[in-house]
Amino acid sequence: EGVLRLPGYEAMRQKDRNGDRRLSPEEFAGAEPGEDEEASAELGVTEQEKLDFEELDTDADGCLDFEELAEWESGRFHTLAALNSLFATADADEDNYLTADELENSRQTIAGTEAQYHLMEWAEHHEL
């Protein structure tokens, strides 16, 4: 758990331009380290970045604190999104459980998705 927090510390340090230890949507979507603020402002915030920011901002205060940013930086945000998509696609009876038959019946739809890559990684590491 502690190791997964390290990228969050570094990301906060690099993106927090005003030093308040919270990221605005613009800081979250901002330029790579080394780019100036003017170049970053010209890029704007994409619709997907806005949606991701809103989902990460669990206390709805309009900024991301370290804990909220850590979900993104650790990869948990993307894993959860992939699994939610998997269930939306494969859970035919909507009972919040996936059976082998449901996975088999949806394999064509799942192919090439982020969920498939997570399933393959888990299978490779014997976690399934």
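Two rings of Phe, Tyr or Trp (for Trp, its six-membered ring) form a pair if their centres lie within 6.5 Å; such a pair is stacked with planes under 30 degrees apart, edge-to-face over 60, and tilted for the rest. In this structure, ring pairs join Phe 28, Phe 53, Trp 72 and Phe 77 into a cluster. What you are looking at is a predicted model, in which local features need pLDDT of at least 70 and side-chain atom pairs count only at pLDDT 80 or more, while totals for chains, interfaces and linings use all residues. Residues are numbered from 1 along each chain as its sequence is written, and side-chain values use heavy atoms, with hydrogens and water left out.

**The chain as a whole**

- The secondary structure amounts to nine helices and zero strands, where helices (H or I, at least four residues) and strands (E, at least two) are DSSP runs numbered from the N terminus.
- Along the sequence this reads as α-α-α-α-α-α-α-α-α.
- The predictor's confidence in each residue is its pLDDT, on a scale from 0 to 100; the chain has a mean of 86, and 85% of its residues reach 70 or more.
- Confidence is lowest in helix H3 (residues 37-43), with a mean of 53, and highest in H7, at 94.
- Of the 128 residues in the chain, 26% are buried; here buried means under 20% relative accessible area, exposed over 50%, and partly exposed in between (1.4 Å probe, protein chains only).
- A contact means heavy atoms within 4.5 Å, and among the contacts in the chain with a separation of 6 or more, 41% come from residues 24 or more positions apart.

**Aromatic pairs**

- The ring rule gives a count of four aromatic pairs.
- One of them is Tyr 9 with Phe 66: the ring centres are 4.3 Å apart and the planes stand at 15°, so this pair is stacked.
- Tyr 9 belongs to helix H1 (residues 2-15) and Phe 66 to helix H5 (residues 66-74), so the pair ties together parts that are 57 residues apart in sequence.
- Tyr 9 is partly exposed at 46% relative accessibility, whereas Phe 66 is buried at 14%.
- Phe 28 and Trp 72 have ring centres 5.1 Å apart and planes at 75°, so this pair is edge-to-face.
- That pair also links distant parts of the chain, with Phe 28 in helix H2 (residues 25-28) and Trp 72 in helix H5, 44 residues apart.
- Phe 28 is buried, its relative accessible area being 5%.

- The buried residues of H6 are Phe 77, Ala 82, Leu 86 and Ala 90.
- Their cover includes helix H4 (47-56), H5, H7, H8 and helix H9 (114-124).

**Two buried serines in loops**

- Ser 106 sits in the loop between helix H7 (100-105) and helix H8 (107-110), and at 5% relative accessibility it is buried.
- The side chain of Ser 106 reaches the backbone oxygen of Glu 102 at 2.9 Å.
- Neighbours within four places in sequence aside, Ser 106 is in contact with Thr 89 and Ala 90.
- Ser 24 lies in the loop between H1 and H2 and is buried, with a relative accessible area of 19%.
- With neighbours within four places in sequence again left aside, Ser 24 is in contact with Phe 53 and Gly 62.

**Exposed loop positions**

- Arg 21, in the loop between H1 and H2, has phi near 60°, a positive value in a residue other than glycine. Arg 21 is exposed, with a relative accessible area of 67%.
- Ala 60, in the loop between H4 and H5, has a positive phi near 55°, again in a residue other than glycine. Ala 60 is exposed at 65% relative accessibility.
- Ala 92 is in the loop between H6 and H7 and is exposed, at 68%.
- From Ala 92 to Leu 103 is 11 residues in sequence and 9.4 Å in space, C-alpha to C-alpha.

Key:
Polar contact = N/O pair within 3.5 Å; in protein donor to acceptor, adjacent residues only side chain to side chain.
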